[in-house]
Amino acid sequence: MASEEAEQITPADAAIVTTGTGKKGPEEHDLPENLKYDMDLCLRILRDVLGEYNPELLSTFDTVRNYAVEASAEHFGGMEDPNPGHDGLKAAVDVIDNMTLHDAQLLARAFATYFHLANLSEENYRVSVLHSRENKVSEDQAVDPINELTVAYHQLINEMGPAKAKELLDRLEFHPVFTAHPTEARRKAVEGKIRRISELLEAHKRLGGSDKKENLRRLYNEIDALFRTSPIALKKPTPVEEADTILDIFDNTLFHTIPAVYRRFDDWVLGDKAGLVPPVCPAFFHPGSWIGSDRDGNPNVTAKVSRQVARKFSDHVLAALEESTRTVGKNLTMEAETTPPSAALKSLWSHQKEMSERLTDKAALISTKELHRAVMPVIADRLHYTIERDADLMYHTCDDFIADLKTVQQSLADAGAKRSAYGPLQDLIWQAETFGFHMVEMEFRQHSVVHSRALADIREHGLHGERGELQPMTHEVLDTFRALGSIQKRNGLKAARRYIISFTKSAQNIKDVYELNRLAFAHPEDVPTIDVIPLFEQLEDLQNSVDVLEEMIKIPEVQARLKATGNKLEVMLGYSDSSKDAGPTSATLALHSAQERIAKWAESHNIDLTLFHGRGGAVGRGGGPANRAVLAQPVGSVKCRFKLTEQGEVIFARYGNPVLAIRHVESVAAATLLQSAPSVEKRNTDMTVKYADMANQLDEAAHERFLDLLHTPDFAQWFSTVTPLTEIGLLPIGSRPAKRGLGAKSLDDLRTIPWIFSWAQARINLAAWYGLGTACEKFGDLQTLREAYEEWPLFSTFIDNIEMSIAKTDERIAKMYLALGDREDLNDKVLSEMELTRKWVLDIVGDKWPLQHRHVLGQAIRIRSPYVDALSLTQVLALRSLRKKVDKEELSHSQQAGFIYLILCTVSGVAAGLQNTG
């Protein structure tokens, strides 16, 4: 997608377009008029709100903003300094440094508010652009160019023929797994306000007269409330409260958006027959969740919590299905004369009467004339009693519910009422097929060491503590399997069957889990069915993955599951720890190599493989546009199934807006289909072979450079000093601690998310690029690197993501953070590598400055930069003051808390400005 119009700038993947008064080079496009209108309106309202709160705050906001804009103009290549005799950055530093702590907190909140308004303005603009482009598509075109899924399917038909294309479509699965990783730096109270402002802003341009005045009053009200609301939550959420993230997305988008994705595909592929024949599009969207079930390093996730969260998910989706069933049923008013009920429908009604006269009495009168309508409220009532767990009236499986709906559908179709059969009733069937009675498929995860310790404890003290008390963690491990079993029994096999082992080192780790699963139950018939998924995340583990899998498939329980599932096997790859362990270049190449080797191994054993990608939102954790990532995967590693983790700001960015959620799902599903096209497979294979030697040389040099940095004496202590690592751990944005708690006291123990988050906050983004510059310098062949960038999807995606990360760095501000550490040797390593990487990346892509030829994204970051800079300066100056005063014991407890609060406000604001946390 080289065209600028198609360039995606999803908030989680990139920076977002905002406005400002910075000087723009001639190569840049002006902001589109309607986006500029929204941005100007938001800035005007915010300035009015700040002026009402305190005129001095408004004055300081404007002063710092103007100095930062001036400093940004000085900084970016190709821009003329409007005032060469004045140092804008130093002027901004002087203003901020002389503010009181209280005033600095308010300024940080003002800029954070600005970024929230900027993000939603850009989001509304993207929605309007999508609508505008859709409006220009003619209905008689072979494909809808805006709907990437139809484009991909059309290409498959052209390359492989209709039969093979349909076979691949029927295999299609997109499986996002929502996780509770603490990367969403925005509190829930703020999210609600942002959603309301977005709706008001979207409506503003369409209104006039009194309606417009009222709309404007409400905008002022919400923006004033947003500024006055602390960006920092009062406490960390519990795992049960974290589940609300999924409920919020489910209610606002997923439940109604996913059927719309299926429908949009059907409408285009079936043409005039759409809504008159059975659907073509399968229910390919299968959401999963780690929220309330991922206990790796999170002692707050207990067996009791897992049960509570599963019940919360199940009750919520059942209530939604019940309401939809009633709504659909009310409209099935077809008379028996015009639409005679089938024998199967009459049988269903008889079965309902036998089950409960009480439920059928209410519909008895209409049953004689409108039987299709009569059965639906009874079906809905049965869903209600499923929540109540009434054994006589409930549905015991979602398949039984879907079977009843399909009986109604088939009866309507047989009677000629095809539009009713394949209209809203089909949407309801799709909702049930997608979400089941569980909403999301819960996946349990725990560290391999925890399992081995639990088994050692049991062997020493006996399963029931006959030879001494078992450790509390051992009890918890056993209770976890019991919780999984009870969820599975209550909500079905799909609700909970996956068990992921972090830091899988050997097949013994898999055996351990199956043994613990057996030991947790007194009776063999109560042991739940589980699929154990090895997670390979460190470099050595990725390299040894095939050997572990070879031993894994010899385990009797694994062999039994392979036989039961048609040889299906799932393997997870960790992008986060591999990147922190080996550096971004080596991790990217090692992951690609591991996928290639695992895919070939699976093919040799006739195993139907699913690779699960543990990606984050930030580039240092495998982030970036998901569709491009899919298309760059090795042959045989996707096979029409793509599964990845979605977390933090990524969830809200990709699924928070219905229009953008549709586009995201269509885009990833399209890439997942297209990855099996012969042309795509050939390109990935040929280019991987062609550039293998280059990749090996880059890998070796980058890895050596990265380890040299990490192994510098006292690196871990220095890292925590030159970044807000300690303060990020205090953010109440997730129930997990920043460390795993298994006893390590170094970088090895640090979770990858604060590692990424901290470097991003310091405007260094080291985790995304460190080592690449040295590797390119040592390789030395620019022409080959440029050819690889043009020809090899993996390399071009990698380089583009790094260029985006470099665009968000700022060496002037980075130097201020590095100065906190008093280590010139480490400072030199970081800054020289940053400069070298920037030079080589720009040479490879042919840009004079980062993102020069990606107009939309480049402009987004350049225009946003001054406002991020103002917050970064506030943060680094606060860190400097705090640490200096703490060392000298000059601060009272309340003063120290004030500094921490200021820093946390800036962390939240910078995260909103950069649109990447972890």
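Helices (H or I, at least four residues) and strands (E, at least two) are DSSP runs, numbered from the N terminus. The model is predicted, so local features need pLDDT of at least 70 and side-chain atom pairs count only at pLDDT 80 or more, while totals for chains, interfaces and linings use all residues. Residues are numbered from 1 along each chain as its sequence is written, and side-chain values use heavy atoms, with hydrogens and water left out.

Helix α8 spans residues 209-228 and contains Asn 215. Asn 215 has a relative accessible area of 4% and is therefore buried (buried means under 20% relative accessible area, exposed over 50%, partly exposed in between, with a 1.4 Å probe and protein chains only). Residues up to four places away in sequence aside, Asn 215 touches Leu 200, Ala 203, His 204 and Leu 207, where contact means heavy atoms within 4.5 Å.

Arg 195 lies in helix α7, residues 188-204. Arg 195 counts as buried because its relative accessibility is 17%. Its contacts, leaving aside neighbours within four places in sequence, are Asp 248, Asn 252, Phe 652 and Gly 656. The side chains of Arg 195 and Asp 248 form a polar contact of 3.3 Å; such a contact is a pair of N or O atoms within 3.5 Å, and within protein one must be able to donate a hydrogen and the other to accept it, with residues adjacent in sequence counting only if both atoms are side-chain atoms. Gly 656 is 461 residues from Arg 195 along the chain, yet their C-alpha atoms are separated by 8.7 Å.

Next come two packed helices. Such a pair is described by the angle between the axes and the distance between them. Helix α10 (residues 244-270) packs against helix α18 (residues 424-435) at about 115 degrees, with the axes 10 Å apart. Axes here are lines fitted to C-alpha atoms, for helices over the stretch in contact, and angles run from 0 to 180 degrees between N-to-C directions.

His 461 belongs to helix α19, residues 448-461. With a relative accessible area of 15%, His 461 is buried. A polar contact of 2.7 Å links its side chain to that of Asp 457.

Helix α20 (residues 472-491) has 20 residues and reaches 28 Å from its first C-alpha to its last, close to the 28 Å expected at 1.5 Å a residue; the expected span is 1.5 Å times one less than the number of residues. Among its buried residues are Val 477, Phe 481, Gln 488 and Arg 490. Their cover includes α11 (303-330), α15 (371-388), β3 (441-447) and α19. Gly 492 follows α20 and has a positive phi near 100 degrees.

Most residues other than glycine have a negative phi. Asn 567, in the loop between α23 (556-565) and β6 (568-574), has a positive phi near 65 degrees. Asn 567 is partly exposed, with a relative accessible area of 24%. Cys 640 has a positive phi of about 70 degrees and sits in the loop between α26 (626-631) and β8 (641-647). Cys 640 counts as buried, at 1% relative accessibility.
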